[in-house]
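The sequence and the structure are shown first, and the description follows.

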Amino acid sequence: MTPAVIQLAAEAAERQSAEVTDWGARIAWVIGLLVFIAFVYWLMRQGWKWRGALQSDLPELPAAPGGLPEHRLALTGRYHGSTTAGQWLDRIVAHGLGVRSRVELTLTDAGLDVVRPGATDFFVPAAQLRGARLDKGIAGKVLTEGGLLVVTWAHGDKLIDSGFRSDRAAEHAAWVEAINSMNQSITTEGAER
């Protein structure tokens with residue numbers, strides 16, 4: 001081998017064994033990305049707290065009275081959240097209404113009992129129920145047409161839509177009919193007095 005070929009082979013070997021990764025720069029980028037993600041999550045949390053502070057005028061949620069009458073309907077499923085009635089993207093987060101959870105709904109002649117394991121339970125008196133409908137979405141959750149049971153109710157001076165999805169979606173139509181007929185009879189009784 002000639003000295004030129006040996007020198008070329010040495011240069012080629014040197015180029016192949018050169019360090020490929022600059023670990024200091026890579027670690028700095030990873031740390032920077034993690035800090036950025038943490039900052040974004042902190043901003044989201046601050047926005048959630050701010051929304052709750054804006055909705056602090058909403059009264060406390062009523063608890064279920066003792067000795068509820070026999071239930072008309074019951075279902076288990078998911079609670080997807082509550083919004084200002086008619087504004088499906090205006091989520092209400094005050095008093096835990098923005099927290100998604102499992103749910104056990106019970107409709108009685110006294111009202112709607114909403115039991116949420118791991119979140120705040122509440123009760124909607126029959127006089128506060130304004131109606132129910134099948135819909136396809138509520139803040140943060142979009143389903144197929146009619147996949148969501150939305151119950152409209154009054155709380156304080158605000159109308160609220162709460163979205164539920166039963167484990168058996170075929171039950172939704174019965175709930176809409178029962179709540180709307182219940183609302184109709186309450187409205188009719190009030191008009192007669």
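Is Glu145 buried or exposed? With a relative accessible area of 63%, Glu145 is exposed; the terms used are buried for under 20% relative accessible area, exposed for over 50% and partly exposed in between, with a 1.4 Å probe and protein chains only.

## Basis of the model

The model is predicted: local features need pLDDT of at least 70, side-chain atom pairs count only at pLDDT 80 or more, and totals for chains, interfaces and linings use all residues. Residues are numbered from 1 along each chain as its sequence is written, and side-chain values use heavy atoms, with hydrogens and water left out.

The mean pLDDT (the predictor's confidence in each residue, from 0 to 100) of the protein is 83, and 89% of its residues reach 70 or more. Among the elements, helix H1 (residues 3-16) has the lowest mean pLDDT, 70, while S3 has the highest, 92. Where pLDDT is low, the predicted coordinates should not be read in detail.

## Overall architecture

The protein has three helices and ten strands. Helices (H or I, at least four residues) and strands (E, at least two) are DSSP runs, numbered from the N terminus. The order of the elements from the N terminus is α-α-β-β-β-β-β-β-β-β-β-β-α.

Of the 193 residues in the protein, 33% are buried. Contact means heavy atoms within 4.5 Å; among contacts between residues at least 6 apart in sequence, 61% join residues at least 24 apart.

## The annotated span

UniProt lists residues 27-44 as "transmembrane region" in an unreviewed entry. The positions are given in the numbering used here, feature names are shortened, and annotations may be inferred rather than shown by experiment. In the model, this span is 100% helix and 0% strand, and the C-alpha atoms at the ends of residues 27-44 lie 26 Å apart.

## The nonpolar core

A nonpolar core is a set of buried Ala, Val, Leu, Ile, Met, Phe, Trp, Tyr and Cys residues joined through side-chain atoms within 4.5 Å. The largest one has 27 residues, of which Leu105, Leu112, Leu149 and Val151 touch the most other members. Elements that give two or more residues to this core include S1, S3, strand S4 (111-115), strand S9 (148-155) and helix H3 (172-192). H3 supplies the largest share, five residues.

Leaving aside neighbours within four places in sequence, the contacts of Val151 include Leu112, Leu129, Ile160, Phe164 and Ile179.

## Aromatic rings around Tyr79

Rings of Phe, Tyr and Trp (its six-membered ring) pair if their centres lie within 6.5 Å; planes under 30 degrees apart count as stacked, over 60 as edge-to-face and the rest as tilted. There are four aromatic pairs in the structure. One of them joins Tyr79 and Phe122 edge-to-face, at 6.4 Å centre to centre and 75 degrees between the planes. Tyr79 lies in strand S1 (residues 71-84) and Phe122 in strand S5 (residues 122-125), so this pair ties together parts that are 43 residues apart in sequence. Both Tyr79 and Phe122 are buried.

Tyr79 also pairs with Phe164, in a tilted arrangement with 5.5 Å centre to centre and 55 degrees between the planes. Because Phe164 lies in strand S10 (residues 158-166) and Tyr79 in S1, the pair ties together parts 85 residues apart in sequence. The relative accessible area of Tyr79 is 0%, and Phe164 counts as buried at 1%. Tyr79, Phe122, Trp153 and Phe164 form one aromatic cluster.

A charge sits over a ring if NZ of Lys or CZ of Arg is within 6 Å of the ring centre and within 35 degrees of the ring normal. The charged end of Arg116 sits over the ring of Tyr79, 4.5 Å from its centre. Elsewhere, Arg26 lies over the face of Trp23, at 5.7 Å from the ring centre.

## Individual residues

Glu145 is located in the loop between strand S8 (141-142) and S9. Not counting residues up to four places away in sequence, Glu145 touches Asp135 and Lys136.

Arg165 lies in strand S10 and is partly exposed, with a relative accessible area of 28%. Beyond four places in sequence, Arg165 is in contact with residues including Gly77, Arg78, His80 and His172.

His95 lies in the loop between strand S2 (91-92) and strand S3 (101-108), and counts as partly exposed at 24% relative accessibility. The phi of His95 is near 60 degrees, a positive value in a residue other than glycine. Most residues other than glycine have a negative phi.
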